[in-house]
Every structure is written in C-alpha cells, then in structure tokens.
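Subject: A structure for you to look at

Hi there,

Here is the structure I promised to pass on. Please open it beside this message, and then read on for what turned up.

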Amino acid sequence: MMNGKRVVIVGAGIAGLSAGLRLAEAGIRVTVVEKEGTVGGLARSFTYGDYVFDVGPHRFHTDDPEVLAFIKEALDGDFVLMPRSSGVWLFGRYHDWPLSIASLFKLPPRIILRVSRDLVARRRVPGPSFRDYIVERYGRTLYECFFREYTRKFLKRDPGEIHSDWARTGIDRAIIDKRLQMNTLFEVASRALIPRRVKTEFVYPGTGGIDAFSRALARRIEARGGEVRRGAPVEHIEIAEGRIRSVTTAGGATVPADLVVWTAPLDFLCRLAGLERPRLSYLSAVLYNVMVRGTLRLRYQWCYYGQEDLLFNRWSIPRHFRESTCPPGGTGIGVEVTCMRGDATWNDPERLAGRVASEMRAVGALGPDNAIEGIRIERIENVYPVYGLDYLGELEETERRLADLRNLVLLGRTGTFWYNNMDHSIQAGLECARDIVAHGGDGLRHVYARQDYATRL
Ligand SMILES: Cc1cc2nc3c(=O)[nH]c(=O)nc-3n(C[C@H](O)[C@H](O)[C@H](O)COP(=O)(O)OP(=O)(O)OC[C@H]3O[C@@H](n4cnc5c(N)ncnc54)[C@H](O)[C@@H]3O)c2cc1C
C-alpha cells in the first residue's frame, strides 16, 4: 500500500531507527532526519580517544523474545552479557540496591525501628501524587529518608506536585526485573531478608558504547536504500488539508512526506503545527564525563545519591559494563546532573566541574590514587518527561489536537511523552512498522506508546 510513497521519520533514536529498519526491509522508501550529528538519541555515546561514555548507564533488558532477537541480530552477535550491580548512598555510606540483608544491618538502628513500625502500621494515604504513592507503598520513613530528597533534587519540584505515575514507572525502571517484586515496603523487606535467586542478565554491545546498536540499525537502513540524514534538525512542516506534506530541515532541505513518524519532542511538534504550546515539559541533564587514573574502590556499575547538598543524582562506570570502554590504566565515570534547559546549570555547566570533582572525592567514589585526567561536559536535552499532577489530561488533549493531522504517528519515549526504556521503544517501533507495512497510512494508531501505560489502562 505504501508502494512508491515515502515515510519520513523524525528522530534517529532507538524507536525511529527500529521502525525505519523494518520499513526499509519491506521495500518502503524511508528518510530518517536527525537533529544531532550522530544517531542513537538518548542512547547515544561519546568517544574521547580510548574512552567511551553513554548518556548515563544504558544496557538492554527485555522479556520480549522478538525484541531480544532484534537486539542480538542488530549487534550481529557482538555483545556481552552482564549481571547488575548498583548501589545507593544513604546515611553517609554505600548500600547495595536493591537492598540486601547486609545493607539492612548497615542502616542506623533508629531508621530500622521506624521502618519496622511502618511495616506493621501501614497507613493508606489516598491521593494522586508521587508523595502519596510512596508513603502508601513504602512508608513515611523511606519517603522522608530517601525518596523526598532524591525526587526534589532530581526533578526540581516537590513530590506533592508530581503525579504518582512517576513513582510507578521510576521504580519499575530501577528494579527492571519484575521477578524481584518490590512494590511495597513488605516486599522490599522480604527480598532483603529472604533473597530470591533471580539472575538478571543485561545485554551490552561487545564493541563501542550503547550507540553500537543504533549505528548498526542506521547502516542497515542505508544498505536497503533508506536514508539517514544526520545533523538535520526539522525546522518547519508544511501542512495542507489536514496532512503534513513535507518536512524541512535546517539549511532548507525539504523532504516530501506521505506519512510522518514523529519521535522528537511533542511540545516542539505543536509549535511547528501552529498549535497551542502544551504544558508538558522535559527535564534536561548535564553529563560530566570524568576520566581518572587507575581503578576505583567501588565495584558498582552505577550509584544513586539522594542527598540534596550533593550536586549529582547518579554516576555510572562504563568500565564495569565492559572493560574495553577505557584505556588500560584509566577509568571513566559518567556523572549525571539534571537541570532545566536554560537554567544556570544548563547555561554554564563548566562552573560546576570543580564541585563535581570534589564531591566525588567526598563520597569516596574517587580515591587518592585516582588523579583526574580530564572532564568532558555534554548537555543533553529532553532526557525525562516530567509528570506534573495534570500531565495526563494535558497529554490527552495534545494528542487529540494532533490527531487532526491524519498522516502523523507519534512514537517513542520523547514523541509520546512516555517513560520508555529502550526495549519499549524497540517494541513500539516494530509494531508501528508492522502496521504501516500491513495497512499503509490507513487504520494506523495515532500514538504508539507502551501498551502497559499505567494510568490510561
Ligand atoms: C540516563 C538514562 C539512562 C537510561 N538507561 C537505560 C537502560 O539502562 N536501559 C534501557 O532500556 N533504557 C534506558 N534509558 C532509556 C532509553 O534511553 C530510551 O528509552 C531510548 O533511548 C528512547 O529512544 P527513542 O527513540 O524513543 O527516543 P529519543 O532517544 O528521545 O529519540 C528522539 C530523537 O529525536 C531527535 N530530535 C529531537 N528534535 C529533533 C528535530 N527537531 N529534528 C530531528 N530530530 C530531532 C533526537 O535528537 C533523538 O535522536 C535510559 C535513559 C536515560 C536518560
């Protein structure tokens, strides 16, 4: 049905490229236009000499056999399997995350006492906010000791102003493996006291960074006659009779479109379409990619920091994903500081580099032998959709307005404003491509978001 017609995909992230490859394989004309000079979107990587850093800790995990097969096929067998090892800095020391029995005993006794009280006297706190959800599920003590500060620091908003979906999706993401079940304080405690042998394995490319996956997809699209235009931000769309006729990228290149698959930010699409700007915002981040001499005392792959007087929320160590992401005798640490585009951190991140370095030493992430050889700073836009209390109504209203554009499909984490992991973006991309191949432009869903979209089901 799409014979001779062209699908334009805006954004060469995981979702756009996964859909693009399946379309190109089906013989459909595909043009992917990407703002950045490289592909991968949020799952892109930065290479400085022998050091490779991703946008924070990135690795694949999925329960879906089709998605797993797609990942392995794209990587052409060049991948490693690795376990997970993450930690959390609480009360001035490191604890394994998810909590182990050993870490439970490292917590201050007064906290153990209060948590035990919460466990037996669990109070129902009905309400729509992140705060209500956490207090109800995990008790007031854990909320006050960790979730409140972490969330305030991470999102720059009070947890009472954040929708409970943020908690649901965020905790799912931190746990990853559903077999671990930690949806209540009782489950957290029982997992720590009676550990279950759940072996969770993650897939990571055998060469390069996480972007090896996206680069492989882009190569395959091109090998099948499709186009991937890098460094081509969409700046204009031409609309006539309820359809997008073409997209124009910086420099004035215009690509005619029979169908547009949009994976870039929703608020920007509304602006291009001349619609009212939705009250939907994305959080951005500054990455401080620190290169140090020697190895690190801490063995974690990544670690969370809730304490509000520390600048960073989390760091990750690519070397603990795969040894060859750094040169012999060196280690890279990717430090993540969230911010809003245009705020002081975003505008002048260099000013904070010294503070990042001294705080890394203060929390023992860097030892006396770990001389810093360099810090590279990267600014990443639209890293997390922010779920304010009214986000769902606003999102539905935005989708409704955009549905007037009959040849537009919304896809991916940024394009649907949904907190996808890579496997969700792949899954939705494959499903979207399958429908386009089967039905052409007719009978497509307008939004290809995750099927288990918490509140909307
Ligand atoms: C710190 C961090 C850690 C993560 N860890 C994991 C993990 O361990 N495992 C996991 O599965 N997932 C992880 N994720 C989630 C994962 O990164 C995303 O789910 C996935 O990359 C989303 O891909 P996407 O294609 O849906 O969206 P995006 O990557 O947002 O793709 C959108 C694309 O559109 C492009 N674009 C924007 N504006 C324009 C424009 N005007 N014109 C053209 N192009 C434009 C962007 O540059 C981007 O390439 C993590 C995310 C973050 C931020």
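Two strands pair if DSSP finds at least two bridges between them, and the strands themselves are DSSP runs (E, at least two residues), just as helices are runs of H or I with at least four residues, all numbered from the N terminus. With that in mind, valine 261 stands opposite valine 409 in β19. The strands β13 (residues 259–262) and β19 (residues 408–411) run parallel and are joined by three bridges.

A word on the source: this is a predicted model, in which local features need pLDDT of at least 70 and side-chain atom pairs count only at pLDDT 80 or more, while totals for chains, interfaces and linings use all residues. Residues are numbered from 1 along each chain as its sequence is written, and side-chain values use heavy atoms, with hydrogens and water left out.

Back to the sheet. Six strands form an open sheet with parallel pairing, in the order β9-β2-β1-β13-β19-β20. Its edge strands, β9 (227–229) and β20 (447–448), each pair on one side only. The chain as a whole has 14 helices and 20 strands.

As for overall form, the C-alpha trace spans about 70 × 55 × 45 Å along its principal axes.

Now the ligand. There are 37 residues around the ligand, and Glu34, His58, Arg59, Thr414 and Ser425 come nearest; a residue counts as near if one of its heavy atoms lies within 4 Å. By type, the shell holds 18 nonpolar residues, 11 polar and eight charged. Here Ala, Val, Leu, Ile, Met, Phe, Trp, Tyr, Cys and Pro count as nonpolar, Asp, Glu, Lys and Arg as charged, and the others, Gly among them, as polar.

Which backbone atoms lie by the ligand's oxygen atoms? A backbone N or O atom of alanine 15 lies 2.9 Å from one, and a polar backbone atom of leucine 42 is 2.8 Å from an oxygen atom of the ligand. Taken alone, the ligand exposes 1,000 Å², and the protein buries 95% of that (Shrake-Rupley method, 1.4 Å probe).

Happy browsing!

Note on methods
Polar contact = N/O pair within 3.5 Å; in protein donor to acceptor, adjacent residues only side chain to side chain.
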